[in-house]
Amino acid sequence: MDCASTYFQESENVGFLINPNCVDNARFEYLMLRFLALGDSKFNSEMFSSEQGEWREFDVISLRNLNILTRKTSIVACGRMLYTFTYKRSDVVDCVLGFDPFTNDPAQFLYVIDFPIEASDVRCLACKLGMCRGSLRFTQLILQPSGYPCISIWELEDDYRMGKWTLVHKSIPTNAALRVCRDGILPRDTTKLVSVLAFHPYNEDLTCFFVGNDHVAVYNIRTDKVESSTLPSQFKHKES
């Protein structure tokens with residue numbers, strides 16, 4: 001099968017990774033992987049290598065029920081690994097899947113990494129994987145009684161095979177980030193209008209939120225301030 005000529009399907013995920021071990025800046029190796037779920041514990045993977053210049057296809061089977069790879073979760077490149085996660089239900093996460101595309105051992109291709117206990121079996125508005133300072137991060141948005149979400153962020157320790165997480169930010173209210181809604185008015189149903197867009201690659205305190213339908217807010221968790229927003233009116237001086 002000529003994988004490069006096939007159409008992408010709705011139920012598949014795609015990841016792109018540059019080999020971090022390449023020392024020649026003029027020439028680097030990159031890989032692209034496509035994942036298509038085939039059931040609770042099996043999925044099809046297609047990988048393109050710039051070194052080989054061709055696609056190869058193989059099936060991956062896990063002894064653990066991985067539910068189904070969902071379009072809700074993106075694939076994140078971190079170091080030499082690609083990561084994504086699965087859900088138990090639409091609002092409860094299951095586990096992180098780590099893929100090592102550079103291994104020649106099929107048994108070392110897939111790692112199942114459990115979430116920390118505090119993040120397991122917790123109903124959340126949204127979850128996000130990302131990278132900061134070269135480490136994988138996972139965040140949950142949970143609704144507070146006030147109607148505002150709060151954010152908790154974990155970081156995976158360097159040896160991903162151990163599956164150990166460090167809690168770097170715990171249950172921080174995101175009130176300030178949401179106050180930059182249009183005209184300064186917060187909609188009643190915030191659950192559908194906020195999500196974590198990305199982490200700052202170097203500053204561990206900065207998180208980007210997608211708020212409403214049309215703007216981004218860069219929120220400083222430590223200072224509880226919005227550093228920047230795509231709504232410039234929020235930072236104009238208001239005359240008395």
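Predicted model: local features only at pLDDT ≥ 70, side-chain atom pairs only at ≥ 80, totals over all residues.
## The second largest pocket

The space inside comes to about 160 Å³.

## The largest pocket

Now for the largest pocket, with a volume of about 250 Å³. Its lining has 13 residues, and Phe58, Asp105, Pro106, Ala107 and Phe109 are the ones nearest the centre. Which strand gives the largest share of the lining? That's strand S4 (residues 54-61), with five residues. By class, the lining splits into seven nonpolar, three polar and three charged residues.

## Rings that pair up

Across the whole structure there are eleven aromatic pairs. One of them joins Phe99 and Phe109 in a tilted arrangement, with 5.5 Å centre to centre and 50° between the planes. Phe99 sits in strand S7 (residues 92-99), while Phe109 is in the loop between S7 and strand S8 (110-114), ten residues apart. Are these two phenylalanines buried or exposed? Both Phe99 and Phe109 are buried.

Phe138 and Trp165 make an edge-to-face pair, 6.3 Å centre to centre with 65° between the planes. This pair links strand S10 (residues 135-143) to strand S12 (residues 165-173), and the two residues are 27 residues apart. Phe138 counts as buried because its relative accessible area is 0%. Trp165 has 13%, so it is buried too.

## A cluster and a charge

Phe138 and Trp165 also belong to one aromatic cluster, along with Phe85, Tyr87, Phe115 and Trp154. Elsewhere, Arg34 lies over the face of Trp55, at 5.7 Å from the ring centre.

Key. Residues numbered from 1 in each chain as written. Heavy atoms only, no water. 1 Å grid on protein atoms, 1.4 Å probe; cavity = no way out; pocket = protein on both sides within 12 Å on 5 of 7 lines; lining within 4 Å. Points joined across faces, edges and corners; volume = space filled by probe spheres on them. Helix = DSSP H or I, 4+ residues; strand = E, 2+ residues; numbered from the N terminus. Nonpolar A, V, L, I, M, F, W, Y, C, P; charged D, E, K, R; others polar. Phe/Tyr/Trp six-rings, centres within 6.5 Å; stacked < 30°, edge-to-face > 60°. Buried < 20%, exposed > 50% of the residue type's maximum accessible area, 1.4 Å probe, protein only. Lys NZ or Arg CZ within 6 Å of the ring centre and 35° of its normal.
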